[in-house]
Amino acid sequence: MTDTTNNDYVAKPTPMIIQILRGIALLRESPVGLLGGSIVAFFFLLAILAPIVAPYDPNLPILPFALPGTEGPNGEYFLLGTDHLGRDILSRVVWGGQRVLFYATLATISAYIVGIIMGLLAGYYRGWVDELISFVANVILSFPVMVLYVLIITQIGASGANIVFAVVFASSPGIMRIVRGLTLDLRTRDYVAAAQTRGESGLWIMLVEILPNARGPLIVDACLRMGYTTITIGALGFLGLGLPPPDPDWGGMITQTRSFAGAGFAHMTLVPALAVSLLVLGFNLLADGLREVSIRD
Amino acid sequence: MGILLLKRLGMMLLVMLVVAFLLFLANEGDPYSIARGVLGPYAQQEQLTIWLQEHGYDKPILVRFLEWLGRVVTGDLGVSVQYKRPVAEIFWSRLGNTGILAAATFAIMVPMALILGVLAGMKEGSFLDRFISVLSIGTTSVPEYASAVLLSVIFVYSLDLLPGSSAMSNGFDIMQLILPTMVLVLYGFGYIARMTRASMAEVMTTHYIRTAILKGIPYKRVIVKHALRNALIAPFTVIMLQLNWLLSGVVVTEYAFGYKGFGALLLDAALRKDIFVIEACGLAAVFVAVLSQTIGDIGYTLLNPRIRFN
Amino acid sequence: MNNSENTGQEPILDIEGLCISYFTRAGEIPAVVDFNLTLKPGESIGIVGESGCGKSTVAMAIMQYMGSNGGIVGGSIKFKGRDMNEMSQEELRQLRGSDIAMIYQEPMAALNPSMTIGEQLMEVPLYHETNCTREEAFRRSAEMLEKVKLPDASRVMNAYPHQISGGQQQRVVIAMALLSNPSLLLLDEPTTALDVTVEAGIVKLIKEISEEFGTSMIYISHNMGLILETCDRVCVMYSGQAVEIGTVNEVFDIMRHPYTRGLFNSIPLPTADKNASPLIPIRGQLPLPHQRPQGCYFGPRCDHFKSGQCDVMAGIPWDTVDDQSGHAVRCARWQEIDWAHYNPEIPPQDEVEPGEVVLSVNDLQKYYEVKSSGLWAMLTGKKSRWVKANETLTFNARKRETVAIVGESGCGKSTFAKVLMGLEQATGGDISYGNVDIANLPVQKRSPQQIGSLQMVFQNPNDTLNPSHTVGGQIGRVLRKFGVAKNAQEVKQKVDELLDMVKLPRDFAHRRPRQLSGGQKQRIGIARAFAGNPPLVIADEPVSALDVSVQAAVTGLLMDIQREHDTTLLFISHDLSVVRYLSDRVVVMYLGQIMEQGTVEEVYAPPYHPYTEALLSAVPIADTSIDKKEIVLEGNIPSPLNPPKGCPFSTRCPRYLGEKCDSAMPKAQDAGNGHMIACHIPMEQLREVEPVIVVKPKKEVA
């Protein structure tokens with residue numbers, strides 16, 4: 001014990017990035033989870049590298065109704081074909097993916113911040129705080145989700161920020177319930193009692209003693225929710241309530257081109273449909289793998 | 001037990017009341033926008049004011065809310081701006097159509113999900129378990145709008161087996177019901193199946209199942225009598241909650257296939273600010289959702305002797 | 001080993017060379033290695049050992065129920081001459097529950113929550129006997145419930161498991177096992193989950209069963225005292241191996257394996273005294289299955305380990321000590337060890353003189369409202385029921401003194417700790433500590449010094465430390481919070497000092513709780529409690545979740561630190577043996593009230609409160625030289641929600657006087673020197689009661 005690099009033992013939360021890396025390392029044990037993780041990583045990589053990967057401007061009309069694998073007038077190559085307006089589908093899917101992932105991540109993280117705060121308060125303080133928060137959550141959760149989205153978006157208008165707001169509004173009650181349940185369980189642990197008996201504040205206990213121990217189930221749930229938010233953003237686009245055109249989003253691409261599917265141009269609509277399914281599958285498999293791994297340890 | 005029931009019903013009423021007020025506030029909170037919606041964008045300020053007075057919109061909002069609530073409870077849902085007809089005339093038949101779709105979906109989805117879930121959960125980690133788990137994760141990953149497109153391409157455009165639209169303009173046609181049902185079942189069954197599997201798998205590791213096996217009763221009876229009774233309590237609640245989810249799903253599915261149901265009506269009304277239709281649909285959706293939640297809660301209590309006799 | 005030819009009787013069960021492994025992703029983990037056992041008809045044999053020694057695995061192997069990842073990898077289990085490993089599933093099914101039956105550790109978990117008890121009992125005859133009608137099955141089940149002394153059998157038949165108490169549930173499980181009149185009964189820690197007075201009733205029932213039915217029994221337990229009360233022979237297991245087997249008297253009195261000896265050295269007995277003859281813990285800890293040493297598994301922890309003899313590749317074979325009785329031992333050096341002078345000479349320590357009063361509790365009351373103060377209650381204004389968790393507690397604790405608060409579940413001992421720590425506020429009365437009344441001083445309003453001067457050691461080692469933070473971080477936080485250390489340098493220095501104090505390596509500061517064993521975690525918990533150098537520490541069952549050998553070490557450590565720092569220790573426990581061993585004064589509680597208090601010598605000898613008397617009688621004692629009076633209490637501990645009107649003990653009291661006991665709580669009588677007994681029975685009569693525990697003059701053996 002002569003040379004310890006860490007001279008201060010004060011509790012420090014492990015950096016998030018290290019935790020994520022550790023989680024990925026754990027995934028070695030679950031082939032299904034690893035597959036899911038790879039799919040998700042692939043889409044994130046695609047989103048980040050969109051300017052490099054996408055061959056053309058996603059909104060540039062080049063050659064309408066080109067089938068996959070055909071060439072354009074100036075030697076363009078359409079790996080996945082073009083849509084009815086002549087825009088390259090590969091470019092649109094890649095850029096659309098970036099948009100979907102950006103808003104899904106932003107919305108999920110925001111919803112988590114709200115849900116965690118509410119859940120910790122309700123679960124730790126119980127009593128009327130809990131009943132009030134739970135009642136509000138009950139009211140929101142009593143709406144079928146899509147009905148709620150339609151009502152909110154038609155009221156406040158379709159835009160990226162509004163979609164994020166709607167997702168936070170609709171899904172933070174569910175997160176709050178999970179966090180509340182975990183908190184109710186964790187608050188009975190002796191280490192929480194120990195913190196109380198040494199006079200720690202409620203804030204410290206919630207954030208330092210309870211929250212870090214709830215991370216396992218929350219990470220699993222966050223993966224599932226990322227998938228679900230992806231579905232939702234797509235659904236809003238499909239219903240014409242999504243991100244405003246002409247920038248591509250997957251749901252919008254499906255709805256704009258599906259009338260041409262019967263005329264032999266199914267690729268226009270199938271490509272974004274498969275893309276959204278694959279990404280969601282990735283999130284779901286990843287969540288399943290993480291759950292399996294976290295139960296085992 | 002009786003108190004619990006009363007409490008649940010009371011809670012349900014309270015939630016409904018709050019939801020009704022929120023819906024009312026969102027739609028009729030600003031009377032001028034209603035008047036403008038009815039009279040058109042070019043109406044003069046005076047015209048609007050006169051219209052508002054004629055229709056009683058000058059009263060305080062709480063009074064208007066209570067009056068509106070009274071009308072809704074007695075079945076008067078107002079007049080649709082878009083169709084210029086009483087909302088009740090359109091609303092109930094649309095709700096009925098959705099009921100048919102929901103019933104068909106549940107009739108297929110629930111037994112399938114329960115059977116697959118129980119089979120998977122009986123032997124955790126077996127090949128069958130892994131297969132069913134991956135299958136249910138896979139199908140749950142395909143959103144309704146994606147599977148609608150995929151299934152249309154296969155069954156309508158390639159195989160030419162089914163009609164691509166479910167508008168039912170020439171009366172009820174069961175063939176037109178198949179695709180929407182398929183879409184909803186595909187997306188929905190996985191969740192119930194996985195919940196059932198988890199519940200069953202958990203029950204199979206309990207000590208009382210060990211007791212039952214070590215008591216020397218036949219395996220079949222262990223499953224049917226000891227395991228299922230406990231394992232199906234949790235899925236029951238999940239199934240009831242799925243009604244809520246189904247109402248979400250029908251919005252997208254009905255839109256995708258042009259099915260004339262309540263979800264399509266709501267979407268249409270919301271886009272066109274047809275306030276009385278929105279209010280009727282919103283209330284109906286929440287009513288169904290809250291009712292199913294309440295039934296789920298009460299059912300959970302009834303199925304669970306630990307709570308029932310306390 | 002096999003002495004069946006001596007009696008000429010065919011053994012019921014004959015286990016030879018049994019090896020059981022679990023298969024995990026880390027590979028094959030041997031749980032039980034080379035296990036042998038022969039059980040004759042009517043015989044009962046105990047298997048003892050600490051957690052993880054494989055004793056329950058053996059029971060499950062006999063049942064051929066190993067779970068999905070376990071398997072028998074060698075040896076044979078012959079039941080009435082037939083190898084069970086070879087049997088088909090159907091053959092096993094017919095055997096299970098009829099010829100071999102089992103009683104489980106947690107009766108609540110063992111019974112199906114959504115089937116009535118009647119249904120569950122009736123299954124046994126219905127599926128094991130041809131032509132058994134439902135009526136007959138019902139009749140026989142109800143009869144059996146009466147046989148296991150369940151009052152109101154017909155009501156129980158229609159009840160669900162959660163509607164009856166834990167003790168009653170265990171009686172139901174026993175009835176279920178007996179319904180088919182099995183020839184072999186496996187009992188896997190059948191009383192571990194129960195309160196000690198309830199346990200006594202179950203143990204008595206088990207003894208009666210073995211006499212009445214002549215069933216052969218395998219009794220698995222970690223509690224030596226229980227084995228002594230119920231068994232003819234004992235098999236001691238350590239780390240997956242049986243290390244000693246013999247008759248109860250042999251193993252208890254002339255044990256020939258250092259582990260067995262070590263085990264007995266670490267059990268507190270009523271004859272032990274913390275000053276004169278302190279417990280001797282076994283050093284080190286149980287090896288993990290994949291880290292077992294070569295040769296003797298106990299080698300690294302054994303004082304008599306000899307290289308070349310104890311660490312041979314082939315492992316240590318059985319050696320017969322007494323061919324006649326079957327006493328055998330798995331030790332290479334048992335003949336070389338000087339058993340008569342086994343224990344090292346430990347100089348007795350001086351008795352500590354208690355100092356001035358540090359803590360004074362006066363008429364403390366704590367009532368709980370059952371309903372939460374939720375919106376619903378606020379809206380309806382409905383008054384809710386009250387639980388009287390603590391009722392007029394009065395006692396003192398002096399400097400350097402250990403005061404034990406003893407009682408079974410629901411006696412209010414943990415509530416008292418919460419009030420003391422400021423997590424709850426008293427309903428009435430006061431607690432004077434450091435000249436301040438802290439009964440109504442919530443922890444948020446206490447100064448860091450006040451908080452630091454009154455700390456607690458918690459019960460559950462797996463819960464006491466936050467799994468997300470390092471050990472050093474957690475102790476450091478306490479030091480900063482109490483103002484003991486200000487900067488990083490000071491914190492580090494103090495953390496190191498505290499780790500030294502609890503005899504753990506300093507680099508444990510960087511570890512996380514999951515990298516520590518249970519005993520190590522409790523040591524950290526102790527270090528944390530002593531961080532502010534408090535004059536008073538409360539320990540809430542600090543060792544009850546630990547294995548005996550670890551228990552002794554942690555208890556010893558706690559006492560050493562206490563002695564060094566002149567700390568007053570409030571020791572909350574249900575274990576009368578540990579209390580007897582380490583405390584100076586004892587407060588006996590029942591349903592929120594103090595029944596008796598006094599010095600250890602006073603409380604453990606007549607005059608007794610009838611509850612103390614029953615409690616003493618109920619505690620199993622692992623000493624063959626002790627005679628105990630048998631007092632088995634009827635019924636259950638009443639719910640604190642609905643306590644008896646008069647004396648709380650009136651419903652179960654064997655010395656119940658009648659109406660007087662039902663109507664009023666008795667005043668505490670002074671038996672002299674502050675020895676208080678709260679009972680209606682006149683002191684003269686209480687004085688005439690004979691002692692419960694009597695030490696027989698020990699025969700000189702071997």
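How far apart do the C-alpha centres of domain 2 of chain C and domain 3 of chain C lie? They lie 24 Å apart. The model described here is predicted.

## Domains of chain C

The domain assignment divides chain C into domain 1 (241-329), domain 2 (356-464 + 518-586) and domain 3 (605-695).

## Where domain 2 meets domain 3

Within chain C, 10 residues of domain 2 are in contact with 8 residues of domain 3. The area buried between domain 2 of chain C and domain 3 of chain C is about 850 Å². Carbon and sulfur atoms give 65% of that area.

Two elements of chain C, β14 (386-398) and α21 (576-582), each supply at least two residues of the side of domain 2 that touches domain 3. By class, that side of domain 2 of chain C has 4 nonpolar, 3 polar and 3 charged residues.

## Where chain B meets chain A

Now to the contact between two chains. Chain B and chain A bury about 3,600 Å² between them. Of this area, 72% is on carbon and sulfur atoms. The contact takes 42 residues from chain B and 41 residues from chain A.

The rule finds 1 salt bridge across the interface of chain B and chain A. Asp288(A) forms a salt bridge with Arg194(B), and their closest N and O atoms are 2.9 Å apart. The interface of chain B and chain A also has 9 residue pairs in polar contact, both residues at pLDDT 80 or more. Several helices of chain B each supply at least two residues of the side that touches chain A, among them α1 (2-28), α8 and α13 (275-303). The most comes from α1(B), with 9 residues. By class, the side of chain B that touches chain A has 32 nonpolar, 7 polar and 3 charged residues.

## Helix α8 of chain B

Helix α8 of chain B covers residues 174-204. What is the angle of its kink, and where is the kink centred? The kink is about 30 degrees and is centred on Gly188(B).

At the start of α8(B), a side-chain oxygen of Asp173(B) reaches to within 2.9 Å of the backbone nitrogen of Met175(B). Helix α8 of chain B also belongs to the set that supplies at least two residues each to the side touching chain A.

Terms used. Residues numbered from 1 in each chain as written. Chains lettered and ligands numbered in written order. Predicted model: local features only at pLDDT ≥ 70, side-chain atom pairs only at ≥ 80, totals over all residues. Heavy atoms only, no water. Bend = angle between axes of the 7 residues up to and from the residue. Helix = DSSP H or I, 4+ residues; strand = E, 2+ residues; numbered from the N terminus. Polar contact = N/O pair within 3.5 Å; in protein donor to acceptor, adjacent residues only side chain to side chain. Domains from an automatic or database assignment. Contact = heavy atoms within 4.5 Å. Buried area = accessible area lost by both parts, 1.4 Å probe. Nonpolar A, V, L, I, M, F, W, Y, C, P; charged D, E, K, R; others polar. Salt bridge = Lys/Arg side-chain N within 4 Å of Asp/Glu carboxyl O.
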